[in-house]
Amino acid sequence: MKRSEVNHILRNGDAFMREHGQILPPFAYWTPDEMRARRGEIAGIVERRLGWDITDYGRGDFARRGLFLFTARNGDAEDLRKGRGMLYAEKIMISRKDQVAPMHRHNVKAEDIINRGGGVLALKLYASGPDGLIDRGEDVSVPTDGVMRTLPAGGILRLSPGESVTLLPGVWHAFWGEEADVLIGEVSTVNDDLTDNVFSEPIARFSEIEEDEPPLRLLVSDYDTWLA
């Protein structure tokens, strides 16, 4: 992705969140220079990868396959192993109309996916087989706001604003907005985008950025190079 495209998506995404009453923490609006100047005091942001995250999954077609995310808080994997401490994470996401976040599952993370406003959020769901791969013959059952729902393999679960689904580790899912763009909330156990995403096809979780203009804000995938 070109940095100019990332900057444009970021501005539009921030405006969409504000339209739906989502206010981000102050660090969301620090410039790259401010983050560099404060590097000594922001280990909790950098190491836990809080902040902006825009991806086209390395395919170069963000409008059709991509996702806009902001990680507001995140625990520590070591706490998760110990079973005590900050064991949770929260993200805000935007799924544009007909923009697919591709099929994947998690080994560790359990997550509530919440439609916070906009259109209908559609999720295609599969169970995992004994080998961890997609089971195309088995029904899949998921809690939706405390009510268990069972769908056939590859069934589409549609969530209207206010509705949510709990996805436990091993549940394969892809999702997109229907009718209009969707503001999504995610509440989960500790999030690790570097090791805990298993995709059904060989794609990249983070995009390579072509620097055709200065960054408006740093992405979490920029931290290793810009804040080293």
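Reader: How do the residues of the lining of the largest cavity divide into nonpolar, polar and charged?

Author: Rolling a probe the size of a water molecule over the atoms shows where empty space is left. In this predicted model, the lining of the largest cavity divides into 8 nonpolar, 5 polar and 6 charged residues, around a volume of about 150 Å³. Of the 19 residues that line this cavity, L67, L69, H104, H106 and N197 are the closest to its centre, and the elements that give two or more residues are β2, β3 (88-95), β4, β5 and β11 (172-189), with β11 giving the most, 3 residues.

Reader: Which residues line the second largest cavity?

Author: The lining of the second largest cavity is made up of F27, A28, W30, M35, L50, G51, W52, R217, L218 and Y223, which by class are 8 nonpolar, 1 polar and 1 charged, and the volume is about 40 Å³.

Reader: Which residues lie nearest the centre of the largest pocket?

Author: N74, A77, V190, N191 and D192 lie nearest the centre of the largest pocket, which is lined by 23 residues and holds about 400 Å³ of space. By class, its lining has 7 nonpolar, 6 polar and 10 charged residues, and the largest share, 3 residues, comes from α4.

Reader: Why does K109 count as buried?

Author: Buried means under 20% relative accessible area, and K109 counts as buried because its relative accessibility is 3%. K109 lies in the loop between β4 (101-105) and β5 (111-128), where its side chain is joined to that of E186 by a polar contact of 2.9 Å. Beyond its neighbours within four places in sequence, K109 is in contact with residues including K91, L167, V190 and N191.

Definitions and conventions. Residues numbered from 1 in each chain as written. Predicted model: local features only at pLDDT ≥ 70, side-chain atom pairs only at ≥ 80, totals over all residues. Heavy atoms only, no water. Helix = DSSP H or I, 4+ residues; strand = E, 2+ residues; numbered from the N terminus. Buried < 20%, exposed > 50% of the residue type's maximum accessible area, 1.4 Å probe, protein only. Polar contact = N/O pair within 3.5 Å; in protein donor to acceptor, adjacent residues only side chain to side chain. Contact = heavy atoms within 4.5 Å. 1 Å grid on protein atoms, 1.4 Å probe; cavity = no way out; pocket = protein on both sides within 12 Å on 5 of 7 lines; lining within 4 Å. Points joined across faces, edges and corners; volume = space filled by probe spheres on them. Nonpolar A, V, L, I, M, F, W, Y, C, P; charged D, E, K, R; others polar.
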